[in-house]
Amino acid sequence: MKDLKGLGIYALKRIILMVITFIIILTICFVLIRMLPLDPGQVAPGTDPEIFYRIQVSLGRMVEVNGEYVQTPIIDQYIRFWTDLFAPQIDPLTGQELSRFGYSWSVNSAGISPWDVMVPRFPPTILINVYSMVFSVPIGLLLGIYMALKKNKWQDHALSILVMVVISVPSFIYALLLQVIDYAAGTPLPAIVAGIDAPWVSSEMFVAMILPVLAMSFGSIAGYSRYTRAELTEVLTSDFMLLARTKGLTRFQATVRHAFRNSLVPIFPMILGEFISVLSGSIVIEQVFSIEGVGKVFLQSVTQKDYDLFLFVGMFYTIIGLVGGLIVDLSYGIVDPRIRMGGGKQ
Amino acid sequence: MKLNFKNLFKKKPHHEFVEFNDLNIEKTYSTSDIKKEDFNFTQLNESIHDLKFETKPISYFKDCFLRFAKNKASIVAACVIGILVLYAIIVPAVDPKSNVPASVNQNGYQDSYYANVIPKAFENSGFWDGTEIRDVGESVYKVYDAVDQEQGVERKRIKEVVDKFFQGVTAPNGQVISGSTMYRVRYDTYAVGNIQAFRISNSDYQRILDYQEEHDVTILMPLVDYETYVNVEYRQKLEEQGVSSSTIESRLTSIRQYYVNGKGNYWFKLERVEGSSGNAFVPVGYDNNALEDIYLRDSEGNLVYSTPADSNNLNVRVNYEHYFEFKYGFEPTFLFGTTNGGRDIWTRLAEGARFSLLLGIGVSVVNFIIGIIWGSIAGYYGGRVDLTMERITDIISAIPSIVILNIVNTHFPGNNVLGLIVALILPGWIGTASLTRMQFYRFKGQEYVLASRTLGARDTRLIFKHIFPNAIGTLVTSSVLMIPSVIFSESSLTFLGIINLGEMVSVGSLLDEGQKSMTTFPHAVLFPALLISLLMISFNLFGNGLRDAFNTTLRGADN
């Protein structure tokens, strides 16, 4: 119980630190982004400048001086940003509530809240990542175990070279090569996911997603197997393995009950971390296969100078990264009670 | 039983004792037996020194090198890296395709007539010779063959007919509804043929004439005049066939367009035939082997080679392959083929590799320097300094680098490379810094450091003389492993189009370019993909080999 309490205090400390880190990052990015000029011709090319300026004024980002619109000081904008976040103001003309996160102009020329842009993008991103994990985690672990058991035999050497090669090649190369092969084979599989009209969890959608899932899985499988092999070979040579064999366990029993469990201690948090990053998606894969996911939104906000959307997605990525790191760290203490997170020097 | 055991135990010492006694009895010496002459001095007038090692000492780095040399995969990887670096340095410097002067082409070599040609290394070998297998219909085959029959055409479009087959649509009952003869031919993508309506200046015309004489080749070909044929003869033919006047106009437009698409290669009369699988244009008199030319002739019936376009320029028809040699000074042979835009992949790839390598190494060096300075300060002083510095790195590492990249890019819209470098350096040094910090924590408490401190060594001496040399191997290895990750980030960003390099080229932008024509010309993607994979694999293998070599805990493990 005392351990759990220690873990709780440690978690609380880390969460407070995380919030502070996040606010600092948000502030830096906010200032840098708001320093950019707000020219409707560049930022919102499809929008009527009058509507654009009106919304900017009601959001407190611009003021009208002698018929020209100038940006308000960044410190005022910053204060307004936080008040809007918790208590959005009412648009004086339409009587509707203003968006908490500003407006995206590239997705909808009439202005749309980044929140509404993001939410429908989650299903494809999550689905592809989950499929990829379902593929890669078991295959990767099994390969790693096999390599560790055949350590320094030809099977291990051959697989190690293969893993090395697969891990080095960037995933967009797989994506491109898979598409080339797909076209060369006369397109038995759809090369683009966007055109499929089927519910998200269905067999048609699964078939359409096979290529991106494969492109994502190669690297992960190689990564898991290399990591598992390294951990397991280390555990297999420990003294307690010898003891387990001496007390009469078969090689299989000793490997599964003692070695594999212990080698999972660093592997499990790694899988957990990957699971959290499922939300952020892969920009490259989504771009190559035209998947309308989170990564594609981010790319769109970058290329089309959609600042509010960019800040929103960028901060979303930051939160994912921070939370992921925190959960991975905490899970070490939960998976293996011998590890005391945040413990002193003793 | 008890007695027996006792005897067993006692036997040995007893025996030894006896032996010892025997020795003593048999060999007894007295000092008087030793003669003085039997002794001599080892040294009398010289002092004793430690002798020099007769073998050469093995330094730390030599030891590492010896262990690195045992790792065959790393040696191969190092060789591959060496070859790629040489390729990236030599090819852009030496290859004429990379050094086309701005007076010939503004932005280096680019030729739209040779766009999307297939890689060619061995002429006429059937493999890697710029030819591909294509299935063409009968009418297209006839046109191609007729083009090849023109006087003075050396490079034939159709290298050989591999197969001739009937492709038909069959009804469910097995009856052939419609179909046509197809030719499976080996098509030479380098056969661009003769280009018409080519505008050159009078002085260039003179230079071409000189070049023709000097090199004994034919560049200038007789001009083709399809307008006269279409407007007079073909119209008359259609009228005789009783085609209505409105249909005639549309027929004339379509045949004119067909001649335009031929870019001047169709030197013969064409006519429309109605086949079983649609209408097509075929050469007049092809089947009787009597093609009729439509060359432009002057009043005396001589072939015309140029017509004035305006006061300074002439319209000509050129054999483009020879004209290409005249214009650029090298043959149109592309080892890796060309891109959609007509750029040579072999040289572009070398330039891309040069950019990627330069960026990778440069960024890694900067990251290494910042990282070791930051990490040494944090690791050596520890305590509150360390805590503060750690929080700063925490914050920097939590910012997604792509956010920084985009912010820098929008602040400096003209130069995307600056944003790329900032985005790669800003989070890049943190890994080296934390590694350095760890190494400092590891070594700074050790006895030899304490001893040196007790003797009065200053901080700088402790850091640079005692701690740092111990950590250098690990740190160098980590910065070598940083190079592939930098190249990976750079190529992803340029591939996605987030970074626009403008005139510069990287492997990522080549992949992006190749992706556009990927479905029909996969070579434009395959070669850049191959290069970047090779680069990443060999850098990773090389770095891993270095890591194992520098890892002192593994010393002697494999012996």
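Predicted model: local features only at pLDDT ≥ 70, side-chain atom pairs only at ≥ 80, totals over all residues.

Is B:Arg235 buried or partly exposed? I looked it up: B:Arg235 is partly exposed, with a relative accessible area of 26%.

Next I checked the partner. B:Arg235 makes a salt bridge with B:Glu249, and their closest N and O atoms are 3.1 Å apart. B:Arg235 sits in helix H6 (residues 226–240) of chain B and B:Glu249 in helix H7 (residues 245–261) of chain B, so this pair ties together parts 14 residues apart in sequence. B:Glu249 counts as partly exposed too, at 40%.

Then I went for a pair inside one helix. B:Arg207 and B:Asp204 form a salt bridge, with the closest N and O atoms 2.8 Å apart. Both are in helix H5 (residues 202–215) of chain B, and because they are three residues apart there, about one helical turn separates them. I noted B:Arg207 as partly exposed at 46%, and B:Asp204 as partly exposed at 23%.

B:Glu321 bridges to B:Arg155, closest N and O atoms 3.0 Å apart. B:Glu321 is in helix H8 (residues 320–328) of chain B, while B:Arg155 is in the loop between helix H4 (138–148) and strand E2 (158–170) of chain B, so the pair links parts 166 residues apart in sequence. B:Glu321 is buried at 18%, and B:Arg155 is buried at 17%. I also found B:Arg155 and B:Glu321 in a salt-bridge network with B:Lys159 and B:Asp188.

Last entry: I get 28 salt bridges over all chains.

Key. Residues numbered from 1 in each chain as written. Chains lettered and ligands numbered in written order. Heavy atoms only, no water. Salt bridge = Lys/Arg side-chain N within 4 Å of Asp/Glu carboxyl O. Helix = DSSP H or I, 4+ residues; strand = E, 2+ residues; numbered from the N terminus. Buried < 20%, exposed > 50% of the residue type's maximum accessible area, 1.4 Å probe, protein only.
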